[in-house]
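This report describes selected local features of one protein model. The sequence and structure are shown first.

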Amino acid sequence: MLENITFTMIKPKALNNGYMGAIISKIIEGGFNIKALKLTRLTKKQAMEFYAVHKERPFYKGLTDFMSSGPIVAAVLKKDNAVKAYRDFIGTTNPAQATEGSIRALYGTDIEANAVHGSDSNENAIIESSFFFAKREWV
Ligand code: CMP
């Protein structure tokens with residue numbers, strides 16, 4: 001069952017630009033069932049923990065500064081093959097190369113502020129969902 005789950009965040013700049021409703025509508029239209037959803041905010045420490053897998057990368061500081069700079073929307077999504085389906089749906093990491101009409105192409109401005117995060121594996125989808133939500137909220 002949990003292979004049908006993925007986790008997403010709408011990033012601070014997309015919210016600041018007023019795209020919360022449009023992005024949530026697009027996710028629903030894409031056939032993803034929202035299992036859990038919240039508007040919240042990461043501290044710098046939480047952003048560093050969430051993105052710890054990237055801690056050796058040159059963009060880690062900028063990314064974690066950015067992700068803790070304002071509110072985010074966190075959500076758990078359900079669909080068959082959710083991780084791959086959602087990654088295909090949102091477009092490539094760099095919005096400049098993302099498929100026309102995808103969330104990142106429409107609402108992302110650069111590789112860091114690429115509108116939304118999407119889990120990269122079933123294992124990380126569970127870890128990331130558990131980072132924000134109690135199991136009873138999404139299982
Ligand atoms: P996300 O799906 O949130 O997962 C990790 C994030 O790191 C990714 O989206 C990008 O926003 C960011 N990222 C990946 N590669 C780079 C890069 N080369 N420069 C800046 N940010 C990056």
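## Residue T64

T64 counts as buried because its relative accessibility is 0%; buried means under 20% relative accessible area, with a 1.4 Å probe and protein chains only. The residue is found in helix α4, residues 60-67. Helices are DSSP runs of H or I of at least four residues, strands are runs of E of at least two, and both are numbered from the N terminus.

The model is predicted: local features need pLDDT of at least 70, side-chain atom pairs count only at pLDDT 80 or more, and totals for chains, interfaces and linings use all residues. Residues are numbered from 1 along each chain as its sequence is written, and side-chain values use heavy atoms, with hydrogens and water left out.

## Contacts of T64

The side chains of T64 and K44 make a polar contact at 2.7 Å. Such a contact is a pair of N or O atoms within 3.5 Å; within protein, one must be able to donate a hydrogen and the other to accept it, and residues adjacent in sequence count only if both atoms are side-chain atoms. A polar atom of the T64 side chain also lies 2.8 Å from the backbone oxygen of Y60.

Leaving aside residues up to four places away in sequence, T64 touches K44, A47, M48 and Y51, where contact means heavy atoms within 4.5 Å.

## Nonpolar cores

A nonpolar core is a set of buried Ala, Val, Leu, Ile, Met, Phe, Trp, Tyr and Cys residues joined through side-chain atoms within 4.5 Å. The largest has 19 residues, and Y51 and M67 are among those with the most contacts inside it. Two or more residues come from each of β1 (5-10), α3 (44-50), α4 and β3 (72-78); α4 gives the most, with four residues.

How values were computed:
Buried means under 20% relative accessible area, exposed over 50%, partly exposed in between (1.4 Å probe, protein chains only).
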